[in-house]
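Hello,

I am passing on a structure that you have not worked with before. Please have a look at it first, and then read my notes on what turned up.

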Amino acid sequence: MLKLNNIEVTYLNVIRVLHGVSLTVEDGAIIALLGANGAGKSTTLKAISGLLHVEEGEVTDGSIEWNGARIDDKNAEQIGKLGIIQALEGRHVFEHLTTEENLMVGAHNRKDRNTVKSDMEMVYDYFPRLKELRRNTAGYLSGGEQQMLVIGRAMMATPKLMMLDEPSLGLAPLLVEEIYDIIKRFNTEQKTSVLLVEQNVRIALNIAHYGYVMENGRVVLDGTADFLKNNEDVKEFYMGLSTVGTKKSYREVKHYKRRKRWL
Amino acid sequence: MNELLQYVITGLALGVVYALIALGFVVVWKSSGVANLALGQLVLFSSWFAYGMLSQAGLPVWVGIPLVIVFALILGWAIERFTLRPLIAQPILSLIAVTLGLAYFFEGLVGIIWPKSVASLPPLFPQEPVHIGTAVIKQEFLWAAVISLVLFGLLTLFFRYHKMGIAMRAAADDQKAVQACGIPVTKIFSQSWMFACVLAAVGGILVSSIGNISKAPLVETGLQAFSVVILGGLDSFLGAIIAGPIIGLAETLGGGYLTKLTWEGIKEVIPFIIIIIVMFVKPFGLFGEKRIERI
C-alpha cells in the first residue's frame, strides 16, 4: 500500500508546486489522479518514483510511505527495486532499440532469465501487436504502438505498483479504449495496483476504483469512481456535461452562474 | 608488388587495432554523450604503465598484462566517479573540457614518471617473421589483428545480447526513461569509462608491441582512433570496424608511397583528408545513426 501524507514539493528550492497532497493506493486498486494541465499530477508521480531528484525537485514536507516504510529519501533505482515503476508521459521509447530490446530494458533488474522470457510472452499476450513488431526499431512504431511499448516495458518489471502518466495522450479514441481495457485486464489478472494520471476523465473513471481531483497542487476532491462520475462539478468542469447530464450547449453557458463548489 | 602486399596487410592490422580503441570512444559517446578527448593520452599512459609492470618491475607477461587490465578498469571507474560524476547535469561542453584536462594530466604524468622518450616492451609474441605470399610480415601485426578482432566480436555480442549492453544503448537514447525503469545511469556511465580505458590499454599494448613505446606517436594512435570514429560515425560499432582498416590502409599506403613522392609528414595528414571528403558527402559519418524524428 502506498500512502502520501500531506506532501509538499519544491523545485529549485523556490517554486512550490504541491501544497500538501495526500492520497492512498490500496493493493490491487486502480486509482485515477485527475486534473487539468499544471495541476501537479505528474509531479506527484515523480515524487513517488524518485525521478524528482533528477529534475532538481524535492519533497520538502510530508512523507511517502510504501508498506509502512518511508521512501521519499530514496532514489529512482531503489524505488524501482521496491516494485514501483513509472511509465513516463509522452512515449519515452528507446528509439534505436528494437521492440524486444525495449522490453528487455524494462526487465533489467530481474535476476531470473526464465521468468523474463515468460513475462515477455505475457506482455505479447496483452499486446499481440507488439509481438508482430518485435524486431522493428521502436523509433519507427506508430504513436499507439509506442504507447503500448512503454506500458509493456513497465509491465516487464512485474511491478507491484505501476504508475502511468497519461497513456491516452494524443491517441485515437478507439485505441485509447483498447489500451485501457488492457490496463484493466492486467490489473485484475496480475493484482498490480495502478496509479493513473489522466486528463481524459471519463475513460479513467471507467476503469478506476477511486479517484482524486487535483487543482493548483492540491487535492480538491476525492471519492469512488461512481461518486466522481456523478459529481456535478466533475461533470461540468471535466466531462463537459451540464448538470442534467446531457451534452452541454454553449449557447446556455453562463460562467458566472456556476462556481466550483470547492473554491 | 610484395611491398604493396606488405603495406596492405600491416595497414589492415593497424586499422583493426585503431577500430578497437575507437570502440572505447563510441561506448562513452553513446551512453553519456561525452566526447572523450583524452583517448590518445589514455593509450599513452596505459602503454607506459605496461612498460613499468613488464620491463621495470620485471613481472612475467601473464601477471603483468592482467594487472594492466585491472588497473585500467580502476582508472576508468575513478575517472568517471571523481571527475565526471560531479558534473552530471552540467552542460555537456564542461564535461568534454574535463576530458581535455585529463588528456594533459596524463601526458604530464607520463612525462614525470617515465622521462625517457622511447622504451620497449619485452616481446609478447613469437618473433620470427611470417611469409604471406611474397611479403614478409612481423608476427606482431597478425597477433594484434586477431586479438582486436576477437575482442571486437565479443563486445559486439555484448552490446547486442547482454542486458547490460542493451541498457547502455538504451541510455544513449533516453536517460530519463532508463532511470524510470529503475536502472542506475551512473553505473552505466562508469561501465562505459571502464570499457574505454581497457580498450585503450589493450590497443596501446598491441601497438607498442609492434614498434616501441614512445610519446607523441602513441598519442597519434589515439588521434587515428578519433579519425576512425569520425569517419565511421560517432555512434556506430559497424562504422568503427569498417573505418578502422580504411584509416590504417591510408596510413601505411600513403606513408609507403606518397612520402617518397611528396614530403615527410604526408602520412599523418591523409586520414584527415579522407575524413574531410567523407564529411562532405555523409555528415553523420559512414554509418552514423540518423536521428529518428517522427513529425
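Let me start with chain A. Of its contacts with a separation of 6 or more, 67% are between residues 24 or more positions apart; two residues are in contact if their C-beta atoms, placed from the backbone, lie within 7 Å.

A word on what you are looking at: this is a predicted model, in which local features need pLDDT of at least 70 and side-chain atom pairs count only at pLDDT 80 or more, while totals for chains, interfaces and linings use all residues. Residues are numbered from 1 along each chain as its sequence is written, and chains are lettered from A and ligands numbered from 1 in the order in which they are written.

Chain A overall

Chain A has 10 helices and 10 strands. Helices (H or I, at least four residues) and strands (E, at least two) are DSSP runs, numbered from the N terminus. Along the principal axes, the C-alpha atoms of chain A fill a box of roughly 60 × 40 × 30 Å. Of the 263 residues in chain A, 45% are buried. A residue is buried if 20 or more other C-beta atoms lie within 10 Å of its own, exposed if 12 or fewer, and partly exposed in between, with C-beta atoms placed from the backbone.

Val194(A) sits in strand β8 (residues 193-198) of chain A. Val194(A) is buried, because 23 other C-beta atoms lie within 10 Å. Beyond its neighbours within four places in sequence, Val194(A) is in contact with Ile30(A), Met162(A), Leu164(A), Ile183(A) and Asn187(A). Glu166(A) is 28 residues from Val194(A) along the chain, and their C-alpha atoms are separated by 12 Å.

The other two have to do with backbone angles. Most residues other than glycine have a negative phi. Glu56(A), however, has a positive phi, near 60 degrees. Glu56(A) belongs to the loop between α1 (41-49) and β4 (57-66) of chain A, and Glu56(A) is exposed, since 12 other C-beta atoms lie within 10 Å. Thr158(A) is not a glycine either, and has a positive phi of about 40 degrees. You will find Thr158(A) in the loop between α6 (143-156) and β7 (161-165) of chain A. With 19 other C-beta atoms within 10 Å, Thr158(A) is partly exposed.

Where the chains meet

The contact between the chains takes 25 residues from chain A and 18 residues from chain B. On the side of chain A that touches chain B, α2 (76-82), β6 (84-87) and α3 (99-106) of chain A each supply at least two residues. That side of chain A divides into 11 nonpolar, nine polar and five charged residues. Here Ala, Val, Leu, Ile, Met, Phe, Trp, Tyr, Cys and Pro count as nonpolar, Asp, Glu, Lys and Arg as charged, and the others, Gly among them, as polar.

Chain B

Chain B has 11 helices and two strands, and from the N terminus on its elements run α-α-α-α-β-β-α-α-α-α-α-α-α. The radius of gyration of chain B is 19 Å, close to the 19 Å that the globule rule gives for 295 residues, so chain B is as compact as a globular protein of that length. Of those 295 residues, 47% count as buried.

Helix α5 (residues 139-161) of chain B and helix α8 (residues 185-210) of chain B have axes that come within 9 Å and cross at roughly 165 degrees. Axes are lines fitted to C-alpha atoms, for helices over the stretch in contact, and angles run from 0 to 180 degrees between N-to-C directions. That angle makes α5(B) roughly antiparallel to α8(B), where angles under 35 degrees count as roughly parallel, over 145 as roughly antiparallel, 65 to 115 as roughly perpendicular and the rest as oblique. Residues that make the contact include Phe141(B) and Leu151(B) of α5(B) and Val202(B) and Leu206(B) of α8(B). By class, the contact of α5(B) with α8(B) has seven nonpolar, two polar and one charged residues.

Best wishes

Terms used
Rg over C-alpha atoms; globule rule 2.2 N^0.38 Å.
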